[in-house]
Amino acid sequence: MDHGEMVLSGQVTIDGALTQVTLTTGGQLRWPGRCLVIKKEVLGFSVEGSQIKIRAIVERGAGICCGGGYTSPLLRKTFTFDFRSISEEYLRLWSHKLQEYLDSLGRPKRLFVFVNPYGGKKSASKIFHEEVKPLIEDANIEYEVQETKYQLHAKEVVHSLDLSKYDGIVCVSGDGILVEVVNGLLEREDWETAIKISLGVIPAGLLLLFFISIFHIRVT
């Protein structure tokens, strides 16, 4: 399988050891014993001093690139690339290339999130704060949260929401809130444009579905 040509390659310190790391045009980060597919596994990254901290979500025990889908529980993991023994310019180059690739994926940058604390098993708030919020923040996504307080609240909010501020709407709830959102969009004066906004649904407890919705939220 062709994983693309090399974009960057060099030695950085990972877990205290100087290691050869390669970034490919196919969006893979490779070093001995590990391969990260950026599109599927990397949430985001931050630059902290001489380090680039790459925040990812991977299969437990994963390491080698392989085909097929996810078959084991997912684990949030941070990989730290330390450039202390190399140049600051090299750090900036890696940071630029990583951001350039992430930007090319067209991921959302701003989300409006509905959380229904009363629906289903009444676990939506807990799921949002413990599972969903950390993923959004790891992916460097700005977000605004609205807890629904009564029936048709989401519909009312969406009816007057300034959609130009957001790349998508996410519902942490059952399907009832999604129905309200769709109806609210359809009742707007600009409904033909409004209904094109990307929507994501996070059923209680299905973290993998959120992972999929975050990275493919533009698929409507």
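Predicted model: local features only at pLDDT ≥ 70, side-chain atom pairs only at ≥ 80, totals over all residues.
Strands S8 and S9 pair in the parallel sense, over six bridges. Strands are DSSP runs of E with at least two residues, helices are runs of H or I with at least four residues, and both are numbered from the N terminus. Two strands pair if DSSP finds at least two bridges between them.

Residues are numbered from 1 along each chain as its sequence is written, and side-chain values use heavy atoms, with hydrogens and water left out.

S8 covers residues 110–115. Five of its six residues are buried. Buried means under 20% relative accessible area, exposed means over 50%, and partly exposed lies in between, with a 1.4 Å probe and protein chains only. S8 also runs parallel to strand S10 (residues 168–172), joined by five bridges. Here Val115 stands opposite Val172 in S10.

S10 also holds Cys171. Cys171 is buried, because its relative accessible area is 0%. Leaving aside neighbours within four places in sequence, Cys171 is in contact with Phe114, Ile177, Leu178, Val181, Gly200, Val201 and Ile202. Contact means heavy atoms within 4.5 Å. The C-alpha atoms of Cys171 and Gln146 are separated by 9.8 Å, and the two residues are 25 residues apart along the chain.

Helix H3 spans residues 124–138. How far apart should the ends of H3 be? At 1.5 Å a residue, its 15 residues should span 21 Å, and the end C-alpha atoms are 20 Å apart, which agrees. The expected span is 1.5 Å times one less than the number of residues.

H3 bends by about 40 degrees at Val132, and Pro134 follows within four residues. The bend is the angle between axes fitted to the seven residues ending at a residue and the seven starting there. Among the buried residues of H3 are Ala124, Phe128, Val132 and Pro134.

Asn140 lies in the loop between H3 and strand S9 (142–147). Its relative accessible area is 45%, so Asn140 is partly exposed. Leu152 also has a positive phi, near 75 degrees, in a residue other than glycine. Leu152 sits in the loop between S9 and helix H4 (153–160). At a relative accessible area of 40%, Leu152 is partly exposed.

**The nonpolar cores**

A nonpolar core is a set of buried Ala, Val, Leu, Ile, Met, Phe, Trp, Tyr and Cys residues joined through side-chain atoms within 4.5 Å. The largest one here has 24 residues. Which members touch the most others? They are Leu29, Leu36, Ile52, Ile54, Phe81 and Trp94. Several elements each supply at least two residues of this core, including strand S1 (6–14), strand S6 (51–59) and strand S7 (74–82). Helix H2 gives the most, with six residues.

Leu36 touches residues including Leu29, Trp31, Val42, Ile54 and Phe79, not counting residues up to four places away in sequence. A second, separate core has 17 residues, and Leu74, Ala124, Ala139 and Val170 are among them.

**Aromatic pairs**

The structure holds nine aromatic pairs. Rings of Phe, Tyr and Trp (its six-membered ring) pair if their centres lie within 6.5 Å; planes under 30 degrees apart count as stacked, over 60 as edge-to-face and the rest as tilted. Two of the pairs share Trp94.

| Pair | Centre to centre | Angle between planes | Type |
|---|---|---|---|
| Phe83 and Trp94 | 6.5 Å | 55 degrees | tilted |
| Tyr90 and Trp94 | 6.3 Å | 90 degrees | edge-to-face |

Phe83 lies in the loop between S7 and H2, whereas Trp94 lies in helix H2, eleven residues apart. Tyr90 and Trp94 both lie in H2, four residues apart, about one turn of the helix. An α-helix has 3.6 residues a turn, so residues three or four places apart point the same way.

Trp94 has 0% relative accessibility. Tyr90 has 17%, so Tyr90 counts as buried too. Trp31, Phe79, Phe81, Phe83, Tyr90 and Trp94 form one aromatic cluster.
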